[in-house]
Amino acid sequence: MKALLQWFDDRTGLGPAVKQCWDRPMPGKACCCKVWPSAILFAFCTQAITGFFLWVYYSPSRQTAWESVYYLQHQVAGGWLLRAIHHYSAHVLLALLICYLLQMIVTGAYRAPRELVFWAALGMAMCALAAMLTGDLLCWDRNGYASTLVRTGFLTLLPGIGDSLFPLAIGGPPPDLGHLAITRFFALHAGLFSAAFLLLSVLHGILLRRAGAKQCATAQVVTRLWPEQAFLNSAACLLVLAVVLVLACQHSVTGDHAGAALGSPASSDPADRYEAARPEWFLLGVYEFSHLFPGEWAVVPIFVVPGLLFGLLLAMPFIAQWRVGQIFNVAIVLVLLIAVVLLSYHSMAKDAADPKYRAAVAGEKRQAERV
C-alpha cells in the first residue's frame, strides 16, 4: 500500500499538495469565526450533488415539470429526502452567506487587504439568491407559478426596457408564463447561476489565501490549518448537515407530507390563481416594504432601494478605512436588519389575521391533497 501511494504521489503530486494545504499558515488563532467558507462550500457541494440527481428525474416543460417532481417525491425510493435536502440546503447556504457577510462587516474583516474577498462573497450571495428565485418555478405548482409571475411582472416598471424584458423573461406573450419560461428558468438555475457561484467560490478561496498570507507577515500569532481549525471546519460542516436533515424531516418522514411541500399543479386560468402566494423568508421584508409604494412607485422598493444598498455594500470596505466609517457601516447594517425583521414579522402577523389568506391556504392544501 505504501508503494502504491508513493507511485500515485509521484505521478499526481496530490499528497504534497494536500500536505501543503493542511500546513498553510493562518493569521491569528483557530476560532469558530473562520469556519464560514468551509461551511458554505459544503452546503454548495450538497446542492450540486443533489441537484444532479434531481436533474436525472426532472423534465422541464409545462406538461411534464410538475408530474416529474411528483414522481420523484412519491414514487422514487428516497426521492422525497433527495428533494428536501436540495430545497433546504439552498436556504441554509443563503443564510450562511448572509451570516458570513455580517461577520465580516461587524468585525471589520472586509478592510484591506480583504476588499476583494468581501466582494466575492457578496457575489456568491447574489448568485445563491438568484438561483433560489429561478428554482422556485421549477416544480410548477401554484405557489411557485404565482410568485414568479408577480416577480417577473416587476420588470414592466423599468422605464424604456421593461416592456421588452417582461415577455422575454416569461417565455411568451403576457400575462401568463409561456412554454419557454420554465426552460429558461431551469437554464438560469442549473447553468448560469450555479456556474457563476462555483467560479466566484474558487476566486474567493484564492483571494482569501492571498489575503491571509499578507496578514501572516505582520501578525503576532500565526497558526496552521491542521489540526485545530480543520477540526472546527469539519464540525461546522457536520452541523450544517444536521440542520439540513432536521429541516428536511421536520414535517414527516413517511406519507404525503414528507420532505419539502409540493402544491397542486399550476394553471394559466386567472380564476385558479393562488392569491396566498408569498415570497420566502429572505424577501418577505421587501414584499411588505413594497406595499408602501403603490402603482408605478413600486419601482422604488423593488429596484431603486436594493440597487442603492448594493452600491453601499460595495463601497463599505473603503468607507471603513476611517473609524467613523466603520461605525457608520455597522449602524446601517443593524438598522437594515431591524427593519427587515420588523417588516417580515408585520407581514406574517397580517397574514395570520387575514381570513381570506387563511382560506386560500386551506383551499390550496385541500386541492393539493386531492391531486
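Visitor: At what angle do helix 3 and helix 10 pack, and how far apart are their axes?

Guide: In this predicted model, helix 3 and helix 10 pack at an angle of about 40°, and their axes are 8 Å apart.

Visitor: Why are helix 3 and helix 10 called oblique to each other?

Guide: Angles under 35 degrees count as roughly parallel and those of 65 to 115 as roughly perpendicular; the angle here is about 40°, and helix 3 and helix 10 are therefore oblique to each other. The crossing of helix 3 past helix 10 is right-handed, and the contact is made by Ser38, Ala39, Phe42 and Ala43 of helix 3 together with Asn233, Ala236, Cys237, Val240 and Leu241 of helix 10.

Visitor: How do you know whether glutamine 73 is buried or exposed?

Guide: Buried means under 20% relative accessible area, and glutamine 73, with a relative accessible area of 6%, is therefore buried. Glutamine 73 belongs to helix 4 and, leaving aside residues up to four places away in sequence, touches Trp80, Arg83, Ala258 and Ala260.

Visitor: What makes the pairing of the side chains of glutamine 73 and arginine 83 a polar contact?

Guide: A polar contact requires a pair of N or O atoms within 3.5 Å, and the one joining these two side chains, of glutamine 73 and arginine 83, is 3.0 Å.

Visitor: Which residues have the most contacts inside the largest nonpolar core?

Guide: They are Ile40, Leu97 and Phe197, in a core of 38 residues, to which helix 5 gives the most, with 11 residues. Leucine 97 touches, among others, Ile40, Met124 and Phe197, when residues up to four places away in sequence are not counted.

Technical notes
Residues are numbered from 1 along each chain as its sequence is written. This is a predicted model: local features need pLDDT of at least 70, side-chain atom pairs count only at pLDDT 80 or more; totals for chains, interfaces and linings use all residues. Side-chain values use heavy atoms; hydrogens and water are left out. A nonpolar core is a set of buried Ala, Val, Leu, Ile, Met, Phe, Trp, Tyr and Cys residues joined through side-chain atoms within 4.5 Å. Buried means under 20% relative accessible area, exposed over 50%, partly exposed in between (1.4 Å probe, protein chains only). Helices (H or I, at least four residues) and strands (E, at least two) are DSSP runs, numbered from the N terminus. Contact means heavy atoms within 4.5 Å. A polar contact is a pair of N or O atoms within 3.5 Å; within protein, one must be able to donate a hydrogen and the other to accept it, and residues adjacent in sequence count only if both atoms are side-chain atoms. Axes are lines fitted to C-alpha atoms, for helices over the stretch in contact, and angles run from 0 to 180 degrees between N-to-C directions. Angles under 35 degrees count as roughly parallel, over 145 as roughly antiparallel, 65 to 115 as roughly perpendicular and the rest as oblique. A crossing is left-handed if the near helix is turned anticlockwise from the far one by less than a right angle, and right-handed if clockwise.
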